[in-house]
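Open the model in your viewer and keep the selection panel at hand. The tour goes stop by stop, and each stop says what to select and what is there.

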Amino acid sequence: MTYSAAALLGHAILGNKHWPAILNTPDMRSSYDVVIVGGGGHGLATAHYLAANHGITDVAVIEAAWIGGGNTARNTGIVRSDYLLNSSFRLKNFALGLWNDLSRQLNFNLMYEPRGYVDLAHSDDELERFTLRANAMRLRGAEAEILTGDALLARVPQLDLTGEKRFPVIGALAQEAGGVVRHDAVAWGFARSAASAGIHIIQNCPVTGFEITGGRLSAVRTALGRVACTRALITVAGASTALAEMAGLDLPLNSINVQALVTEPVNPVLDAVVNYNAGLCYASQTSKGEFVLGGATDGYTSYARRGNFGKIEDVLARALQIFPFLSRLRLMRHWAGTADITFDGNAIVGRTEVEGLMINAGWGYSGFKATPAAGWCLAELLGTGTLPELLVPFSLNRFETGSEQDDAGAGPYPWLH
Amino acid sequence: MLIPCPFCGHRDQAEFAYGGPARALPELDGQDGTHAWRTALYSGYNPRGPVTELWFHANGCESWIQITRDTVTHRITRSCLANPREREP
Ligand SMILES: Cc1cc2nc3c(=O)[nH]c(=O)nc-3n(C[C@H](O)[C@H](O)[C@H](O)COP(=O)(O)OP(=O)(O)OC[C@H]3O[C@@H](n4cnc5c(N)ncnc54)[C@H](O)[C@@H]3O)c2cc1C
Ligand SMILES: [Zn+2]
């Protein structure tokens, strides 16, 4: 069914008791043209674009648990494209363009709100580097602004720029097209669109292995049986190394906890997403009024999905440095996700040495914003067999050829990113 | 998470800096292909379960220590100084 004002009204009159389920529970077939392993945002977006852009619908998305239970629904929903390197910028800026119109295309309200992303600099040197990044963005056709003094205060009036501070705010890079998207709606919107095109979304079915004959993929093994296929995509975020290992691949990444924290709701005070760089903490206020806070990773390998307390204290201390008024709010919820972080902090997307098997991994804690672009490009790769130009820099073999894509210049270990 | 330092006892994880999995570097001299180097430098040794790894007690005794920790439960089953020559006999 199509969602519309008329549908809303009609169902309201019937007491909202007759809305059809968004997803059906199809029986898994014994073969598909394409199998997508992992029903997170990226896998579901790939399914949607396989149908929408390439007319390929003999596709199964096979998810170990339930769709939108992974990092898709654990992230803080920030979208932006303020990256220095061409590779990161181009893919994420393409995504920003797609987010703009996606609610209409999917007939599903993703609540994309371009409320602006404000990245704070704490020294002249840092502001200089932000200016370089802003200029690089402008040269590539995006808008970006460097704000200082009164202009910055006008943009984010809650900042305190007065007095002596250990980490003063010197200025900021602002990208007004950046903002937030409601993360779980992304999973559901893409899933609904793919399913209505005839794609099978199989939940509660972990993939347990791959059958490879003569270097070519021939089947995917699952808890519900064997599925013959010659094309498949691994897109399982924190479980990437485990799944790749089943296909004999060694991925250069580690799985690391990343946490998010949410306060009680209050009246609207903050419209922008603000990122504080003296240590890492970022804050935004949801439409419900809660403050969503996040920071850097816990910094060591973990599959616990349970954050350590030291990092919570660290993020909260920095949150108070940005906005002291937050001290009066209580935390309501807090959780962690397992992020897959590579040795250069950037994603691995494209072919593997197994013919027919594609990989999409290493998005760490910044892959939500890229969801539609990754899905678009991976659908093109799976559908046509040609590697889209946007994906070329993200190849798995870059660690062998020395073309790492370290945006932050943080260094060659996953736990530094 | 409390990390047992052989020198200082159980201390909060926030006092330590992470040094990654403890593993022997493969022989690299005379290797001409890039694959051995790639594996040595970029192998994401990432098990679900026990891993032996290095931590630096930065805000403490400044020792490099080696612990065996389960990456799912965070249970630590072994701890010693990283340098074998500094360990108790
Ligand atoms: C706390 C936190 C905050 C973040 N904040 C942001 C942000 O503000 N902006 C941003 O851009 N990014 C952010 N991210 C990163 C972003 O969430 C991820 O990069 C992105 O969601 C990963 O892609 P995905 O949605 O497909 O992953 P997931 O939703 O994790 O999907 C992977 C799926 O694979 C499934 N799977 C695992 N093993 C198997 C198996 N054996 N068989 C079948 N399926 C399997 C899992 O169950 C899971 O559903 C954040 C991440 C975290 C943890
Ligand atoms: Zn010590």
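Which residues of the largest nonpolar core touch the most other members? Bear in mind throughout that this is a predicted model. To see the answer, select V34(A), V35(A), V37(A), A47(A), V61(A), A194(A) and V274(A), which have the most contacts with other members among the 121 residues of that core. Both domain 1 and domain 2 of chain A give residues to this core, so it lies between them. In general, nonpolar side chains of soluble globular proteins tend to be buried together.

Stay with V37(A) for a moment. Beyond its neighbours within four places in sequence, V37(A) is in contact with I62(A), V207(A), V220(A), A232(A), L233(A), I234(A), T235(A), V236(A) and L243(A). A separate core has six residues, including I3(B), C5(B), W55(B) and I65(B).

**The two domains of chain A**

Next, colour chain A by domain. Domain 1 takes 25-81 + 83-108 + 182-253 + 344-416, and domain 2 takes 117-179 + 255-340. The centres of these two domains of chain A, taken over C-alpha atoms, are 28 Å apart. Where they meet, 24 residues of domain 1 of chain A are in contact with 27 residues of domain 2 of chain A.

On the domain 1 side of this contact, select β3 (78-79), α3 (86-106) and α7 (240-246) of chain A, the elements that give two or more residues to it. The largest share, three residues, comes from α3(A). That side of domain 1 of chain A has twelve nonpolar, ten polar and two charged residues.

**Ligand 1**

Now select ligand 1 and show what surrounds it. The shell holds 39 residues, and the closest are G40(A), G70(A), N75(A), G337(A) and G367(A). Domain 1 and domain 2 of chain A both give residues to the shell around ligand 1, so it lies between them. Elements that each supply at least two residues of the shell are α2 (41-54), β13 (253-263) and β17 (331-342) of chain A. By class, the shell around ligand 1 has 17 nonpolar, 19 polar and three charged residues.

**A hairpin and a helix in chain A**

Select residues 348-351 and 357-361 of chain A. These are strands β18 and β19, which pair in the antiparallel sense over four bridges. R351(A) stands opposite M358(A) in β19(A). Five residues lie between the strands of this hairpin, and G356(A) takes a positive phi near 95 degrees.

Then go to helix α1 of chain A, residues 5-13. Is this helix buried or in the open? Of its nine residues, the number buried is zero, so α1 of chain A lies largely in the open. Just after α1(A), G15(A) has a positive phi of about 75 degrees.

Finish with chain B, which has one helix and six strands. Their order from the N terminus is β-β-β-α-β-β-β. Of the 89 residues in chain B, 15% are buried. The C-alpha atoms of chain B fill a box of roughly 45 × 30 × 25 Å along the principal axes.

How values were computed: Residues are numbered from 1 along each chain as its sequence is written. Chains are lettered from A and ligands numbered from 1 in the order in which they are written. This is a predicted model: local features need pLDDT of at least 70, side-chain atom pairs count only at pLDDT 80 or more; totals for chains, interfaces and linings use all residues. Domain bounds come from an automatic or database domain assignment. Two residues are in contact if their C-beta atoms, placed from the backbone, lie within 7 Å. Ala, Val, Leu, Ile, Met, Phe, Trp, Tyr, Cys and Pro count as nonpolar, Asp, Glu, Lys and Arg as charged, and the others, Gly among them, as polar. Two strands pair if DSSP finds at least two bridges between them. A nonpolar core is a set of buried Ala, Val, Leu, Ile, Met, Phe, Trp, Tyr and Cys residues joined through C-beta atoms within 7 Å. A residue is buried if 20 or more other C-beta atoms lie within 10 Å of its own, exposed if 12 or fewer, and partly exposed in between; C-beta atoms are placed from the backbone. A residue is near a molecule or strand if its C-beta atom, placed from the backbone, lies within 6 Å of it.
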